[in-house]
Amino acid sequence: MQMGEQPPPPAKVYYDGCPGCAMDSKKDSRQGVPYKELLFVGATTFASALPITSLFPFLYFMIRDLHVAQREEDIGFYAGFLGASYMIGRGLASVFWGIIADRIGRKPVIAFSVFSVIVFNTLFGLSVKYWMAIATRFLLGALNGFLAPVKAYSIEVCRPEQQALGISIVSTAWGMGVIIGPAIGGYLAQPVKQYPHLFHEKSVFGRFPYLLPCLFISFFATLVFISCAWLPETLHKHKGLERTVEMVEGSTAQESTEPPKNSLLKNWPLMSSIITYCVFSLHDTAYVEIFSLWTVSNRYGGLSFSSKDVGQVLTIAGASLLVYQLFAYRWVDKTFGPIQSTRISSALSIPVIAAYPFMTHLSGIRLGVPLYIAAILKSVFATTRVTGTSLLQNNAVPQEQRGAANGIATTAMSLSKAFAPAGAGIIFSWAQKRQHATFFPGDQMVFLLLNLTELIGLILTFKPFLAAPQQYK
C-alpha cells in the first residue's frame with residue numbers, strides 16, 4: 001500500500017447456514033430500526049411479564065378466601081410468601097436457561113417460556129388450596145427462562161447505535177406487563193361480584209373467582225406463542241459450516257467491538273451492574289406489592305380502594321410507559337447515557353415515594369391527581385433505571401457469554417425479588433399494628449424503608465461500587 005492510500009475495508013467472515021451470521025449480514029445491509037424483530041421482543045416480553053404481578057390486586061382477597069390466615073392482620077404474611085414463590089422458582093433456574101440459550105439458541109428458550117405461561121398461569125387461577133397456589137407459581141417461575149435470552153436477543157438484532165432502543169423495548173414492555181398485569185387482575189378478578197349481570201354465581205367463575213384474569217393472560221400468551229414461529233434466531237452456530245468473506249466498509253464486526261471472553265464472576269463491570277440491578281429490582285417489586293396492599297387496606301391507614309380502583313391506577317401508569325418510550329427515552333439515553341440517567345431517575349424516585357403516606361389525608365380529586373402523577377413518575381423512573389443497568393450488563397460481555405451473563409443477572413435479581421414480596425408482606429403486616437407509634441407510624445415506616453432501599457441503589461451507581469464497561473468510560 002502506497003503512502004496516502006486508504007487501507008482496504010476490514011473483512012468480515014460469514015458462515016453459510018449460521019443464523020447469527022445471517023442476522024449480522026442483515027444488520028450490515030440495513031440502516032433503519034429493526035421494527036419487526038423489536039415488535040416480537042416487545043410482545044413476548046409483555047406476555048411473560050403479565051402474570052408476575054397480576055395477582056397483587058386480588059392477592060389479599062385470595063388469601064382470605066383460601067382460609068389459610070387465622071386473623072386479618074396475618075393476610076400480608078401469607079401473601080408475601082405466595083408472591084415470593086414465583087421469584088424463588090425463577091432464581092433457581094435462570095442460570096440454567098441462560099446456558100441453554102447460549103448453546104441451542106435464543107428462540108427455543110423464549111418459545112418454551114411463553115408456553116409455560118399458558119399452562120401454569122391457568123393452573124394458578126384454578127387453585128383452591130394455598131399449597132396449590134404456591135406450587136403453580138413456583139413452577140411458573142422455574143420454567144419461564146425468558147428474561148436472560150430476550151435481553152441478549154434485543155441487543156443482537158440491533159446495530160450498536162440502536163442497542164439502547166432494543167434494551168429499552170425489553171424494559172418498557174416488561175414494565176408495562178408488570179404494571180398492566182395488576183390492572184388485569186383488578187378488573188377481572190371476582191367477576192361474579194364485580195359484574196353480576198354478566199357472570200352467574202354457579203358458573204365456573206363463581207367457583208374459581210380468580211380464574212378469569214389468568215385465562216385472559218394465557219390467551220394473549222397463546223397468540224404470542226404462535227407468533228414465535230416467525231422469530232429469527234441470532235445465536236452464532238459455526239461448527240461444521242463453510243465460511244464466506246465479505247468486505248464491509250466501516251464494518252462494526254462483532255469481533256472488533258465486543259469485550260474479551262473472561263470468567264463472568266471475575267468480570268467486575270458485569271457483576272457491579274448486576275448488584276445495582278438487584279437492589280433496584282428488590283425495591284421495585286416491594287413497591288408494587290406494598291402499593292397494592294396499601295391502597296386496598298381499609299382499616300390500617302390505607303386508601304380503601306377496590307381491586308378495580310387499583311387496576312385503574314396501574315393501567316394509567318403502564319400506558320405512560322409507552323408514551324415515555326416512544327417520545328422521551330431515546331432523548332434521555334442520548335443526552336445522559338445509561339449511568340447518569342439511572343442516577344437521576346433513582347434520585348427523583350425518593351421524593352415521589354415519600355409523598356405516598358401523606359395522601360391518606362386526601363380524598364376525591366385531591367387524592368386522585370397526586371396519586372396518578374406519583375404512580376406515573378414512579379413507573380417512568382423504574383423503567384429508566386432497569387434499562388440503564390441492563391445496557392451496562394449486556395455490553396460488559398461478548399455474545400457467546402451474553403445468555404449466561406443475563407442468566408446470572410436474572411437469578412440474582414429473582415432471589416432479591418423473592419425476598420421482596422415476602423419481606424414487604426411481613427413489614428406491611430407489622431406496620432399495620434403500629435399505626436399510633438411515635439416514630440414513623442404505620443405506612444410511613446413502610447415507605448421510609450422503601451426509600452432507604454432506593455438510596456442504597458443510588459449510592460451503588462457511583463465509584464468505586466460501579467465499574468462501567470469500556471465503551472461508557
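Some housekeeping, quickly. This is a predicted model, where local features need pLDDT of at least 70 and side-chain atom pairs count only at pLDDT 80 or more, while totals for chains, interfaces and linings use all residues. Residues are numbered from 1 along each chain as its sequence is written, and side-chain values use heavy atoms, with hydrogens and water left out.

Okay, the overall picture. The protein chain has 18 helices and 2 strands. Those are DSSP runs, H or I with at least four residues for helices and E with at least two for strands, numbered from the N terminus. Of its 473 residues, 60% count as buried. Buried is under 20% relative accessible area, exposed is over 50%, and partly exposed is in between, with a 1.4 Å probe and protein chains only. As for contacts, meaning heavy atoms within 4.5 Å: take those in the protein chain with a separation of 6 or more, and residues 24 or more positions apart account for 82% of them.

Now let's zoom in on α3, residues 56-65. How many of the residues of α3 are buried? It's 8 of the 10, so α3 is largely enclosed by the rest of the structure. The buried ones are F56, P57, F58, L59, Y60, F61, M62 and I63.

What does α3 pack with? One answer is α4, residues 75-104, at an angle of about 120° with the axes 9 Å apart. The axes are lines fitted to C-alpha atoms, for helices over the stretch in contact, and angles run from 0 to 180 degrees between N-to-C directions. α3 and α4 are therefore oblique to each other. On the wording: under 35 degrees is roughly parallel, over 145 roughly antiparallel, 65 to 115 roughly perpendicular, and the rest oblique. The α3 and α4 crossing is right-handed. Right-handed means the near helix is turned clockwise from the far one by less than a right angle, and left-handed means anticlockwise. On the α3 side the contact uses F56, L59, Y60, M62, I63 and R64, and on the α4 side I75, Y78, A79, L82 and G83. Those residues divide into 9 nonpolar, 1 polar and 1 charged. Here Ala, Val, Leu, Ile, Met, Phe, Trp, Tyr, Cys and Pro count as nonpolar, Asp, Glu, Lys and Arg as charged, and the others, Gly among them, as polar.

Between α3 and α4 there's a loop, and H67 is in it. Phi of H67 is positive, near 60°, in a residue other than glycine. H67 counts as exposed, at 68% relative accessibility. For contrast, Q190 isn't a glycine either and has a positive phi of about 50°. For background, most residues other than glycine have a negative phi.

Two serines next. S127 is in the loop between α5 (106-125) and α6 (130-143), and counts as buried at 9% relative accessibility. Leaving out residues up to four places away in sequence, S127 touches M62, L66, M132, A133 and T136. S127 and L66 are 61 residues apart along the chain, and their C-alpha atoms are separated by 9.0 Å. The other serine, S116, lies in helix α5 and is buried, with a relative accessible area of 2%.

One more helix pair: α13 (residues 268-296) and α16 (residues 365-394) have axes that come within 9 Å and cross at roughly 160°. They're therefore roughly antiparallel to each other, and the crossing is left-handed. The contact includes Y277, F280 and W294 of α13, along with K378, R385 and V386 of α16. Its residues divide into 12 nonpolar, 6 polar and 3 charged.

Last up, cysteines. C158 is buried, with a relative accessible area of 2%, and C214 counts as buried at 1% relative accessibility. How many disulfides are there? The count is 0, taking a disulfide as a pair of cysteine sulfur atoms within 2.5 Å.
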